[in-house]
Amino acid sequence: MISEQFSHRQRHPGFENVEFVAHNFYSKLSVTVEPALRPGIGLALGGGFALGYAHLGVLRVFEEQQIPISCLTGTSIGSILAAAYASGVPLPKIIEKCREIRFRDFARWRVSRFGLASNDRLGALVQRFFDSRQFEDLYIPAAIVATDLGTGDPVVFKQGSLAEAIRASCAFPGLFEPIQIGTRYLVDGGLVAPVPTRAARDLAAQLVVGVSVGLHDGQRGAPRNIFQVVSRAVSAAQKHQLESWERHADIVLRPSVQSLAWDDFARIDEAIDAGASAAISALPQIRKLLAFHTAQEEPFQPGRQGEFLFAQSLR
């Protein structure tokens, strides 16, 4: 059984690096120290709208089996669930809230040049429901990935407003308007990071577990609306990104949710069961890798997310 000292419900958002700065009248020296590995698993939750409810099943199994979660990353719906869990909201409460949520609760139709709807209600939902509203206040270190429309590069949020980061990561192109933050226009992180395993690795996760639910709408016939056209196009593109995100994962879970459609929010129990089944199947391998890494690594000293240690000598 995994030791409880690294329980994923402890408040241990660790520092990402430590900078020591020493200077005098004549010189200035800056040294950056690589972050220590975080014991436990870094859990990377991919996008997929209602299919993403499978992530809840994975979290439930890890809680029940005391699998320590050292950090969380998320894309699209994965960003919502990762941030909610990292903020300290109890898992049963998250599941209960997800049962109630429908499209109108996080979006409103507003046809414009940039999209068919706005997800501004999602920001309000985060403010009301989450126990933390800033990355710096999270109980578990977390990162959220969005896509920069100007450069096509991933944008990884690890500090600042959770609501803004989540809205950006969930701004599915063609459906939701892009989110402007500064000079950037940001959209769904799934375009560049279908499962944000690289972000979990960059948070110094000792062991990275990625959860992929895909984006296909569950139908094989002709598309029936513009959303199916866009989602299938994105899904096709993501098939060719497997190597890029899988190589950053030690273990990949693929819950069987192919029978669900993107908007099957009412079928949450089926998605949860699929996620739980995938997690249970992977438990022996996860425990084996955790035991190996625990035996190899020195004790980790956690700090707070967003907190850096600066040592500055006197002039």
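These exercises work through a predicted model of one protein.

Local features need a pLDDT of at least 70, side-chain atom pairs count only at pLDDT 80 or more, and totals for chains, interfaces and linings use all residues. Residues are numbered from 1 along each chain as its sequence is written, and side-chain values use heavy atoms, with hydrogens and water left out.

**Exercise 1. Find where the model's confidence is lowest and where it is highest.**

Step 1. Start with the scale: pLDDT is the predictor's confidence in each residue, from 0 to 100.
Step 2. Take the average. The protein has a mean pLDDT of 80, and 73% of the residues score at least 70.
Step 3. Go to the elements. Helices (H or I, at least four residues) and strands (E, at least two) are DSSP runs, numbered from the N terminus. Strand E1 (residues 18–23) has the lowest confidence, with a mean of 29. Helix H1 (residues 54–64) has the highest, at 98.
Step 4. Check the ends. Residues 1–8 stay under 50 in pLDDT. The model gives them 18 contacts (heavy atoms within 4.5 Å) beyond four places in sequence. Residues 300–315 are also below 50, and that stretch has 39 contacts beyond near neighbours in sequence.
Step 5. Apply the caution. Where pLDDT is low, predicted coordinates should not be read in detail.

**Exercise 2. Describe the protein as a whole, from its elements to its surface.**

Step 1. Count elements: ten helices and 13 strands.
Step 2. Look at burial. Buried means under 20% relative accessible area, exposed over 50%, and partly exposed in between (1.4 Å probe, protein chains only). Of 315 residues, 51% are buried.
Step 3. Look at contact range. Take contacts between residues at least 6 apart in sequence; 75% of these join residues at least 24 apart.

**Exercise 3. Work out which strands pair with E7, and in what sense.**

Step 1. Recall the rule: two strands pair if DSSP finds at least two bridges between them.
Step 2. Take E4 (residues 69–74). Three bridges join it to E7 (residues 142–148) in parallel. Gly-74 has Ile-144 of E7 as its bridge partner.
Step 3. Take E8 (residues 154–157). Four bridges pair it with E7, antiparallel. Thr-147 is opposite Pro-154. The hairpin has five residues between the strands, and Gly-152 has a positive phi near 80°.
Step 4. Take E10 (residues 184–188). Three bridges join it to E7, antiparallel, with Ala-146 opposite Asp-188.
Step 5. Check the faces. Ala-142, Ile-144, Ala-146 and Asp-148 point one way, while Ala-143, Val-145 and Thr-147 point the other. All are buried.

Terms used
Areas by Shrake-Rupley, 256 points an atom, 1.4 Å probe, with all protein chains shown as cover.
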